[in-house]
Amino acid sequence: MQFIFMGPPGAGKGTQAQILAASWKIPHISTGDILRACVVAQTALGQKAQAYMDKGELVPDELLMDIVAERLKEPDAAAGWILDGFPRTVPQATFLDKLLHELSGKGAANTGLKAVNLDVPDDILVARLLSRGRKDDNEETIRRRLQVYREQTEPLISFYGDRHQLVAVDGDRAMAEVTAHLQQELAGS
Ligand code: ADP
C-alpha cells in the first residue's frame, strides 16, 4: 500500500489521508506537518522553510528530499504509507521514483504506487481555507498557493495518469462520502 494524496490546498487530502491511514494501519506522512514541526522547533531547516511557507510558495525541492528519504526508511513505513503533500513538483516525483526503486529494487511503474487526486473547485477551496484559519490561510496566501498548485503540482496528474497510476476522486462532497469512495477505489491496492 503506497499512496500519494494530491490535490489543491483545502481539498481535504490531509483529513482523508489521516482517516484512511488509521484504518489501514499505515503511517500518514504529511510533508506540511513535518515542515511545520521543524518551524516550531526552530531547526535550521525550519528557519529556511518558514519564509516560503508564509508566502504560500513551495519550499525548495532539495529541502524536502532528505526529509522524505529518511521518513520512508523508518521501519513503520515498510508495510506501506500515505504520502500527503509530496511530491508537489515533477522533480520531486522523479526523486520519489528513484527512492522507491532503491528501497524495493522494483521499477518505478511496478511498485504498486497509486496517486490519488482529490479535486475541488477554486471558490469552494477558498471558502474552506478561510474558515480553517491556519497561519498561512489568509486570502492573499491562499490565492498564491492555489496558483502554485495549478502551475507546479497539476502536471503530476498526467505524470501518474500516463503510467496508469492515477485515481481521480471528486472532493466536493460530504467528508464521509469522499472517505467511502476512496476506500472503494483503493481497496486491494
Ligand atoms: P496545503 O493545505 O496548502 O496543502 P500543506 O500542509 O501540505 O498545505 O503544506 C503547507 C506548506 O508547506 C506549503 O504551502 C509549502 O510551502 C510547504 N510544503 C509542504 N510540502 C511541500 C513539498 N512537497 N514541496 C514544497 N513545499 C512543501
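**View 1. Arg145 lies in helix H7 of the predicted model.** Helix H7 spans residues 139-153; helices (H or I, at least four residues) and strands (E, at least two) are DSSP runs, numbered from the N terminus. Arg145 is buried, with a relative accessible area of 10%. Here buried means under 20% relative accessible area and exposed over 50%, with partly exposed in between (1.4 Å probe, protein chains only). Leaving aside residues up to four places away in sequence, Arg145 touches Pro9, Gly56, Leu129, Arg132, Arg134, Asp136 and Asp137, where a contact means heavy atoms within 4.5 Å. The structure is a predicted model, in which local features need pLDDT of at least 70 and side-chain atom pairs count only at pLDDT 80 or more, while totals for chains, interfaces and linings use all residues. Residues are numbered from 1 along each chain as its sequence is written, and side-chain values use heavy atoms, with hydrogens and water left out.

**View 2. Helix H1 has a buried face.** Helix H1 comprises 12 residues, 13-24. The distance from its first C-alpha to its last is 16 Å, close to the 16 Å expected at 1.5 Å a residue; the expected span is 1.5 Å times one less than the number of residues. Lys13, Gln16, Ala17, Leu20, Ala21 and Trp24 of H1 are buried. Seen down the axis of H1, these buried residues fall within an arc of 125°, so they line one face of the helix; the arc is that of the directions from the helix axis to the C-beta atoms. On the other side of H1, Gln18 and Ala22 are exposed. The packing partners of the buried residues of H1 are strand S1 (2-6), strand S2 (28-30), strand S3 (81-84), strand S4 (113-119) and helix H9 (175-186). Just after H1, Lys25 adopts a positive phi of about 55°.

**View 3. Gly80 is located in the loop between helix H4 and strand S3.** Helix H4 covers residues 61-72. Gly80 is buried, with a relative accessible area of 2%. Not counting residues up to four places away in sequence, Gly80 touches Met1, Ile26 and Pro27. Gly80 and Trp24 are separated by 56 residues in sequence and by 9.2 Å in space, C-alpha to C-alpha. Trp24 is one of the buried residues of H1.

**View 4. Five strands form an open, parallel sheet.** The strand order is S2-S3-S1-S4-S5. Two strands are taken to pair if DSSP finds at least two bridges between them. S2 and strand S5 (166-170) are the edge strands, each pairing on one side only. Neighbouring strands of this sheet are turned by 20° against each other on average, direction ignored; axes are lines fitted to C-alpha atoms, for helices over the stretch in contact, and angles run from 0 to 180 degrees between N-to-C directions. S2 and S3 pair in the parallel sense over 3 bridges, and the bridge partner of His28 in S3 is Ile82. S4 and S5 run parallel and are joined by 5 bridges, with Val116 opposite Val167 in S5.

**View 5. Strand S1 is largely enclosed by the rest of the structure.** Of the 5 residues of S1, 5 are buried, so the strand is largely enclosed. Gln2, Ile4 and Met6 point one way from S1, whereas Phe3 and Phe5 point the other way. S1 runs parallel to S3, to which 4 bridges join it, and Phe3 stands opposite Ile82 in S3. S1 also runs parallel to S4, with 5 bridges between the two; the partner of Phe5 in S4 is Val116. Strand S3 is likewise covered on both faces: Trp81 and Leu83 are buried on one side, and Ile82 and Asp84 on the other.

**View 6. The protein chain contains 9 helices and 5 strands.** Along the sequence these follow the pattern β-α-β-α-α-α-β-α-β-α-α-α-β-α. The radius of gyration of the chain is 16 Å, close to the 16 Å that the globule rule gives for 189 residues, so the chain is as compact as a globular protein of that length. This radius is taken over C-alpha atoms, and the globule rule is 2.2 Å times the number of residues to the power 0.38. Taken along the principal axes, the C-alpha atoms fill a box of roughly 40 × 40 × 30 Å. Buried residues account for 45% of the 189 residues.
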